[in-house]
Amino acid sequence: MVWWGWIVLGLVLMAAELALVDVAFYLLFIGLAAIATGLVSLAGIPLPGAAEWILFGVLAAVMTVFFRKTVYEKLRGEPIGFEDTVDGRQVSILEDVEAGGETRVEFRGSRWDATNVGAATLKAGDKAIILKARGSRLEIDARA
């Protein structure tokens, strides 16, 4: 492909990412790879047709794997109010649960399976603290 064809392809992919669809910057980095391939061709480095496509594929893969996540997080950041941990949060106890016992608790508007890992019995209506989340099961203890 001629050099300007790569650059046009890259600009179209980047414009599609930014204006039409939101696919988490994948098309942006594929577009950048196309532009870089066009610039290599423009610089006068002779590559056969298949080598251009291989260069394009390798550049797209390398840029996507190594740079997309970093750039995406810097530009988009975490969603507002997003918390990636539940440790230290408070839950409502729905029924009495002995030390080491299992129960259901109210947390963030839904019911969760929980294990009382503390030494004290928790009574219905009490509040407890989440010590750790193991999958969808919470480890809870009496409120400190």
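**Exercise 1. State which residue just after helix 2 takes a positive phi.**

Solution. Helices (H or I, at least four residues) and strands (E, at least two) are DSSP runs, numbered from the N terminus. The model is predicted: local features need pLDDT of at least 70, side-chain atom pairs count only at pLDDT 80 or more, and totals for chains, interfaces and linings use all residues. Residues are numbered from 1 along each chain as its sequence is written, and side-chain values use heavy atoms, with hydrogens and water left out.

**Exercise 2. Compare the span of helix 2 with the expected value, then describe its burial.**

Solution. Step one: the 17 residues of helix 2 reach 24 Å from first C-alpha to last, close to the 24 Å expected at 1.5 Å a residue (1.5 Å times one less than the number of residues). Step two: Leu28, Phe29, Gly31, Ala33, Ala34, Ile35, Thr37 and Gly38 are its buried residues (under 20% relative accessible area, 1.4 Å probe, protein chains only). Step three: their cover includes helix 1 and helix 3 (contact: heavy atoms within 4.5 Å).

**Exercise 3. Locate the bend in helix 3 and name its buried residues.**

Solution. Helix 3 (residues 49-76) bends by about 50° at phenylalanine 67, the angle between axes fitted to the seven residues ending there and the seven starting there. Buried in helix 3 are Glu52, Phe56, Ala60, Met63, Thr64 and Arg68. Helix 1 (3-20) and helix 2 (26-42) are included in what covers them.

Technical notes
Buried < 20%, exposed > 50% of the residue type's maximum accessible area, 1.4 Å probe, protein only.
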